[in-house]
Amino acid sequence: MLLTNSFVYIIALDFSKAFDSVRHSTLMDKMAQLAMPDQVYNWIKDFFYERYHCAKFAGDISPLVDITASVVQGSGLGPAAYIVTAADLRPKCTGNSTVKFADDTYLIIPAANSHTREDEVSHVETWADRNNLHLNCAKSHEIVFRSRRLRGKADKPAPPCSVIERVNKQTILGVVVNSKLTATDHISYLLDSCSSLLHAIRVLRTHGLPSQSLKDVFHATVIGKLTYCVPAWHGFCLASDYTRLNSFLRRAVKLGYYDKQSATITDLFDDAYDAFFRKILYNKQHVIHTYLPERSDIVYTLRSRQHDKNLIPKTSDLNDRHFLIRLLYKDCY
């Protein structure tokens, strides 16, 4: 959208107790519209219906009350059931779009449709009321991304929505995204969290945990946190971000939690890219596999790569940061 618009609005929608509020009757009506065998539908219906709740206090037990809502948090069926419930939540106006992951919903509106934001929020509230959900506007946030190409030349974004606060950074599935499309805020969040983990590891050392076990704990917790979802935000790192991350690893080496011969932060990122790309490339059922370009039919010999997919044309600086393009071009750098 930023290729054709000077800025783009993203509204992160928050539904209060979403998993607990899904009405069983509404869910089953939507399930009935899916192409699934009758026995599967009946099994799901039996799973949700005839659930009861009671309270016990001072030896007394209250009467049973029928549970008519919730998708049973913690169950394997819960997230999928909520996805079915939210499947018919779509933008009201052409040109807008929504991105959903379980109960995390994001409304994306380009600058050309700035005037539709209030209508879209009202539309979501109406949908939520109809589905026994509540849109919590106090916890919903709006963030504006500006085009770098048109920075200083474009019109200013419209004022914030009347009921939703505008922010400069937003946490999306555990990754902090700021309005400048840099990873600086996410790196700060990571370093703060990892510093707290170092304190916990220090406590384990005082309790006599062996040196090798400390390194194993460091790798499982700290390194795991540093490399979480790396392909999504690594392309937005600045040189100063690499410096801060490498400084943190050097500190861990001095403390004895990380081996000197272990990989640098760049090596860790490369390993994460390779592992992620293998999962996509060799698993045709992977949700991202369909976005890979078709196999190349070129017969002459080129420099060998880890894949035989076509390279996607890079049309802008923003595209260079896209993890899929970076995966495909990784062996060409």
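**Stop 1**

Select glutamate 142 and arginine 117 and zoom in: both of them are buried. Their side chains meet in a salt bridge, with 2.7 Å from N to O. Now colour the elements they belong to. Glutamate 142 is part of strand E8, while arginine 117 belongs to helix H5 (residues 117-130), so this pair ties together parts that are 25 residues apart in sequence. Why would two such side chains pair up at all? Side chains of opposite charge can do so when their charged atoms come close.

Salt bridges that share partners join Arg117, Glu142 and Arg166 into one network.

One thing to keep in mind as you click around: this is a predicted model. Its mean pLDDT is 87, and 90% of the residues reach 70 or more.

**Stop 2**

Let's visit two more of them.

Pick lysine 30 and aspartate 88. They form a salt bridge whose closest N and O atoms are 3.0 Å apart. This one links distant parts of the chain: lysine 30 sits in helix H2 (residues 24-31), and aspartate 88 is in the loop between helix H4 (78-86) and E6, 58 residues away. Show the surface and compare the partners. Lysine 30 counts as buried because its relative accessible area is 13%, under the 20% limit. Aspartate 88, at 33%, is partly exposed.

Next, go to helix H9 (residues 239-255) and select aspartate 241 and arginine 244, which both lie in this helix, three residues apart, or about one turn. Their salt bridge has its closest N and O atoms 3.9 Å apart. Buried or exposed: what is aspartate 241? Aspartate 241 is buried, with a relative accessible area of 0%. Arginine 244 counts as partly exposed, at 29%.

**Stop 1: the five-stranded sheet**

Switch to cartoon view and find the open sheet, where five strands line up in the order E6-E7-E1-E8-E9 with mixed pairing. Which strands stand at the edges? They are E6 (97-101) and E9 (165-166); each has a single partner strand, so one side of each is left without a neighbour in the sheet. If you're wondering what joins strands like these, they pair through backbone hydrogen bonds, either parallel or antiparallel.

Highlight strand E1 (residues 7-13) and strand E8 (residues 141-146). These two run antiparallel and are joined by six bridges. For one example, click alanine 12: its bridge partner in E8 is histidine 141.

Slide over to E6 and strand E7 (residues 104-110), another antiparallel pair, joined by five bridges. Here serine 97 stands opposite isoleucine 108 in E7. The two strands make a hairpin with two residues between them, and alanine 102 in the turn has a positive phi of about 55°.

**Stop 2**

Phenylalanine 101 is exposed, with a relative accessible area of 55%.

**Stop 3: a buried asparagine**

Head for asparagine 5, in the segment before E1. Asparagine 5 is buried, at 10% relative accessible area. Display its side chain and follow where it points. It reaches the backbone nitrogen of alanine 111 at 3.5 Å, and the side chain of asparagine 5 also reaches the backbone nitrogen of alanine 112, at 3.2 Å.

**Stop 4: distant in sequence**

Finish at alanine 183, in the loop between strand E11 (175-178) and H6. Alanine 183 is buried, with a relative accessible area of 3%. Use the distance tool between its C-alpha atom and that of tryptophan 233: these residues are 50 apart along the chain, and the two C-alpha atoms are separated by 6.3 Å.

Notes:
Residues numbered from 1 in each chain as written. Predicted model: local features only at pLDDT ≥ 70, side-chain atom pairs only at ≥ 80, totals over all residues. Heavy atoms only, no water. Pairing = 2+ DSSP bridges. Helix = DSSP H or I, 4+ residues; strand = E, 2+ residues; numbered from the N terminus. Buried < 20%, exposed > 50% of the residue type's maximum accessible area, 1.4 Å probe, protein only. pLDDT = per-residue confidence, 0-100. Polar contact = N/O pair within 3.5 Å; in protein donor to acceptor, adjacent residues only side chain to side chain. Salt bridge = Lys/Arg side-chain N within 4 Å of Asp/Glu carboxyl O.
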